[in-house]
Amino acid sequence: MPAAEAVFRQEFPVKGGDFAKAGVVACKIKELLKELGLDAAIVRRAAIAAYEAEMNVIMYAREGRMDLAVSPEEVHITVDDRGPGIADVELAMTEGYSTATPEMRELGFGAGMGLPNIKRNSDVLHIDSRTGKGTRLKIIIRTDGHRTT
Amino acid sequence: MNTKSSHSIHITRDKCIGCVHCLAACPTRAIRVKEGKATIIDELCIDCGECLRVCPYEAIHSHTTSFAALDAFAYKVAIPSTVIYGQFGASVLPNEILSALRRIGFDEVYDLSSICELNCAATEEYLNEHARPRPFISSTCPVVVRLIQRRYPSLCGQILPIEPPREIAAKILRSILPKAVGVPAGKIGIIHITPCSAKMVSINSPATLNKSYLDGAISIRDIYPQILASLRKSEEDALMRHLFPETLFSGIGMGWSLSGGETRGLKSHRAVAVSGIQDTMRVLDQVEAGLLQDVDLLECAVCPDGCVGGPLEVENRFLAKGRILELVAAAGEHAVVDIRDVSRLYHKNFLSFDHPASPAESHPLDGDPARAIRKAKRREKLMALLPGKDCGVCGAPDCRTLADDIVRGFARLEDCPFVKGKKEKR
């Protein structure tokens, strides 16, 4: 990220278990990126990644925060949550693997596509998780549309 | 701002008193009150008619075709929306309504329910042949198409590329009638009778056709009194229509104007129907976030309960819906359209779009990304100065839109009465 004055930042709190607000933050992020003039395909990738990340916080964590930082070159979405953490990150990255409860599945969530979907739609994904404490996701999407991963 | 508008919704300045009803109702925040009068920002308007519904002063009207304008045509054809069958109470049959339209001056009138059935069968075929993307979104509601072009540009490719029944019907008639009735093509006027003004926009500036096959759209509200008067005068005709029904109505197509009606006839695909502008936007947001991929067809209608809730109908929509449901039940489930005809037209691409809907030009804060970021930051600072009451007195629908207008250079911070009041106190 370049110098602070060239970066647009905004924070969004996310409450764990608040399914009624599912997708609200991702939607706000999407609107902001459109207003900043990003290419529609980039906006859609960011919207999908942000939605999955937001849902992870709502489904598993007590509370969390999403930080958006946009420069002309990159979109960073950093998601911090206080929750159970991910015991085996590699396993969680497997398509179809999910720890969702039957109730979540009933609502149509927990198909085990969350993290893989974030990975697919971002250029860089860092996962830093501590069991029992929480998880930090760092998502980077480059605005030039060239994917390096 | 409104000089070369292709929109159907217009504001009569003399009647507008500059209140905030329409400001608050507009889902795309396309209205501003400037110098005491509401104005519509053309690029943002999707012609949904929400403003028209809420204006207490009848200052918002829609441009549809006038009955008198039909005199330009030697041979006048009406293809009314199936909504019309729900407008005249429980004892008037669809055949009587079609007959009344002939009496008031149309040379021929065609029912759309069979074409709705045809469209449904063609949609089924298209979904069978195209496994991706999911969900496809139906194009029947012209406002949904415009909404997608403007607010959900990445979904343009998910609009199912089969023309809606009104255009298909007009296209078929336009190709057959000149020979059949012996009138030159240019002298035949094919007119839709519509419960919403957005159909007029899709005729004047079609999103997926090079040119519309329709010559105009008359609002149900405008033509209602004439139909009613004609129905009242003709007890004998009513008896004739009861005893010798001419048109065979499709039960599959009859309910097309109700939410879920379009998708009800699909046999082997999962469909979801949404109605109302707010819910439509909510669901399209979800589709843009990658959801609903297990749904084959998404039917969206921005009017509540579907076209039957259109702003230009007369009967209250609950009664109209009840009546149409009776007609659906009476017509039954059997198909009236030969599936071989559908298949032939479908494979000739006769039912397809001329071209896909293209994304509308976007309106970022600034064309230059670095400047857009600076403006977004300034907007956040402005937001902190504004009261967040969304009162509309500044002329923008809410504080965020005012902040947006300020950084875009269309408004000033002093337009806010709270900010101005504070400054004056000092």
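This is a predicted model: local features need pLDDT of at least 70, side-chain atom pairs count only at pLDDT 80 or more; totals for chains, interfaces and linings use all residues.
Begin by selecting helix 2 of chain A, residues 40-60. By the cut-off above, 18 of its 21 residues are buried, so the helix is largely enclosed by the rest of the structure. Its end C-alpha atoms are 30 Å apart, which agrees with the 30 Å that 21 residues should span at 1.5 Å a residue.

Next, show both chains and colour the places where they meet: 19 residues of chain B are in contact with 22 residues of chain A. On the chain B side, helix 11 (277-288) and helix 14 (369-385) each supply at least two of the touching residues, and helix 14 gives the most, with 6 residues. Sorted by class, this side of chain B has 10 nonpolar, 5 polar and 4 charged residues.

Now move to the largest nonpolar core, which has 102 residues, and select Ile137(B), Val144(B), Ile148(B) and Ile190(B), the ones that touch the most other members. Helix 4 of chain B, residues 113-129, provides the largest share of this core, 7 residues. Because domain 1 (1-63) and domain 2 (67-347) of chain B both give residues to this core, it lies between them.

Zoom in on Val144(B), which, leaving aside residues up to four places away in sequence, touches Ile137(B), Thr280(B), Cys300(B) and Val302(B).

Finally, look for another core, of 54 residues, that lies apart from the largest one and can be picked out by selecting some of its members, among them Val57(A), Met59(A), Leu386(B) and Cys394(B).

Terms used:
Residues are numbered from 1 along each chain as its sequence is written. Chains are lettered from A and ligands numbered from 1 in the order in which they are written. Two residues are in contact if their C-beta atoms, placed from the backbone, lie within 7 Å. Helices (H or I, at least four residues) and strands (E, at least two) are DSSP runs, numbered from the N terminus. Ala, Val, Leu, Ile, Met, Phe, Trp, Tyr, Cys and Pro count as nonpolar, Asp, Glu, Lys and Arg as charged, and the others, Gly among them, as polar. A nonpolar core is a set of buried Ala, Val, Leu, Ile, Met, Phe, Trp, Tyr and Cys residues joined through C-beta atoms within 7 Å. A residue is buried if 20 or more other C-beta atoms lie within 10 Å of its own, exposed if 12 or fewer, and partly exposed in between; C-beta atoms are placed from the backbone. Domain bounds come from an automatic or database domain assignment. The expected span of a helix is 1.5 Å times one less than its number of residues.
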